[in-house]
Amino acid sequence: MTHLNGSVGLHGRNRRNDVAMVQTALLASGHSPGPIDGLCGRHTISAIISVQRQLLGKPDGLVEVHGPTWRWLTAHAGRSHQQPSQSGSRSSPASPLRRPVPPETPSNERAIRPLPSRTLNYTDHVPLPKKGSVNVGIRPASNQAIIAQLGQPRDSYSQQCQPPTNAALKRMVVTGDVGPFRATGLRPAVLSLTAIFAEVRKTHPDLHAKLGTAGMMCCRYVRGSTRSISNHAWGTAIDMKIDGILVPRKAHYANLGLQLLAPIFNKHGWYWGAAFSTRDPHHFECGADLLETFHA
Ligand SMILES: [Zn+2]
């Protein structure tokens with residue numbers, strides 16, 4: 001296995017050669033670390049986390065010298081190198097992954113250096129998701145579909161939040177403790193959130209403790225529109241705050257907390273608004289298939 005001299009990634013030692021090796025391996029295994037420049041920035045950390053998401057219960061953004069992330073990367077990148085389409089060779093330092101494999105030497109690093117307590121900064125900015133990397137198989141629900149399913153929440157809308165007036169819909173609106181906070185929305189959506197946040201608590205307890213919301217139920221038009229009704233009007237969408245921070249609509253970035261939440265929301269049939277043509281990284285809403293199971 002190719003040898004790293006120090007850890008790479010979030011709070012890592014990030015020696016330039018090591019970072020370049022990790023970037024090369026990330027690229028060769030199909031991830032996007034940004035330019036292979038030996039500098040560990042947010043693209044590199046985000047790519048490390050995306051590898052770790054498939055690998056570890058709790059991604060920490062750090063590639064340890066003898067840790068599972070580096071083992072996976074070297075194994076995986078080595079295999080990909082044999083494929084002709086690999087682009088790993090456009091990297092800088094004389095393709096370190098093809099060096100002869102040095103004998104594995106046990107490291108005292110862990111033993112002599114107490115493991116620092118690394119807490120991720122969930123408000124760190126990360127790039128918006130690449131097309132097709134999130135919301136796989138999940139369609140957002142159109143106004144038409146959701147009206148056919150649940151009716152109009154009220155007769156008129158504006159840009160301001162107003163209460164629903166549809167009696168059947170009102171009977172389905174509940175306020176409940178969903179784990180990190182209380183939320184008001186359509187009963188099955190609130191129940192679904194409870195399951196989502198239970199899963200977040202299990203896989204990312206530190207993140208769970210930092211979750212907040214900017215609201216769920218709110219009958220209004222989509223911001224800036226006079227025709228499209230926001231899915232918040234049915235109480236089937238929620239706006240998420242991470243550590244008190246609301247990533248603004250139309251932002252060119254998400255943050256680590258939202259990025260870690262997305263696959264869990266997706267698993268439960270919710271669509272992440274970061275992929276809307278008008279980006280809405282803090283917004284999650286029940287996808288069309290999930291909504292079809294809701295009845296007023
Ligand atoms: Zn929203």
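Helices (H or I, at least four residues) and strands (E, at least two) are DSSP runs, numbered from the N terminus. The model is predicted: local features need pLDDT of at least 70, side-chain atom pairs count only at pLDDT 80 or more, and totals for chains, interfaces and linings use all residues. Residues are numbered from 1 along each chain as its sequence is written, and side-chain values use heavy atoms, with hydrogens and water left out.

**View 1. Asp243 in the loop between β7 and β8.** Asp243 sits between β7 (237-242) and β8 (253-255). Its relative accessible area is 44%, so Asp243 is partly exposed. The classes are buried (under 20% relative accessible area), exposed (over 50%) and partly exposed (in between), with a 1.4 Å probe and protein chains only. Beyond its neighbours within four places in sequence, Asp243 is in contact with Thr123 and Lys210. Contact means heavy atoms within 4.5 Å. Gly257 is 14 residues from Asp243 along the chain, and their C-alpha atoms are 8.8 Å apart.

View 2. His232 (NE2), Asp239 (OD) and His283 (ND1) are the protein donors, 2.0 to 2.1 Å from the zinc ion. Their spacing in sequence is H-x6-D-x43-H. Asp239 belongs to strand β7 and His283 to strand β10 (residues 283-286), so this pair ties together parts 44 residues apart in sequence. Asp239 and His283 are both buried. Donors are N, O and S atoms within 2.8 Å of the metal (3.2 Å for Na, K and Ca); water is not among the atoms, so sites may look incomplete.

View 3. Of the 6 residues in β7, 5 are buried. Strand β6 (residues 211-215) runs antiparallel to β7, and 4 bridges join them. Gly212 stands opposite Lys241 of β7. β10 also pairs with β7 in the antiparallel sense, over 3 bridges. There, Ile238 has Phe284 as its bridge partner. Strands count as paired if DSSP finds at least two bridges between them.

View 4. A disulfide is a covalent bond between the sulfur atoms of two cysteines. Here the criterion is a pair of cysteine sulfur atoms within 2.5 Å. The structure holds 1 disulfide. The sulfur atoms of Cys161 and Cys218 are 1.9 Å apart. The link is left-handed, with -105 degrees about the S-S bond. It joins distant parts of the chain, 57 residues apart: Cys161 is in the loop between α5 (143-150) and α6 (167-171), Cys218 in the loop between β6 and β7. Cys161 is exposed at 52% relative accessible area, whereas Cys218 is buried at 7%. Cys219 is in no disulfide; its nearest cysteine sulfur is that of Cys218, 7.1 Å away. Cys219 is buried, at 0% relative accessibility.

**View 5. The largest nonpolar core.** This core has 55 residues; Phe197, Met240, Phe265, Trp270 and Phe284 touch the most other members. Helix α9 (residues 256-267) gives the most, 7 residues. Domain 1 (8-112) and domain 2 (143-291) both give residues, so the core lies between them. The domain bounds come from an automatic or database domain assignment. Leaving out residues up to four places away in sequence, Phe265 touches Leu193, Ile196, Phe197, Ile238, Met240, Trp270 and Phe284. A second, separate core of 14 residues includes Ala25, Leu26, Val65 and Trp70. A nonpolar core is a set of buried Ala, Val, Leu, Ile, Met, Phe, Trp, Tyr and Cys residues joined through side-chain atoms within 4.5 Å.
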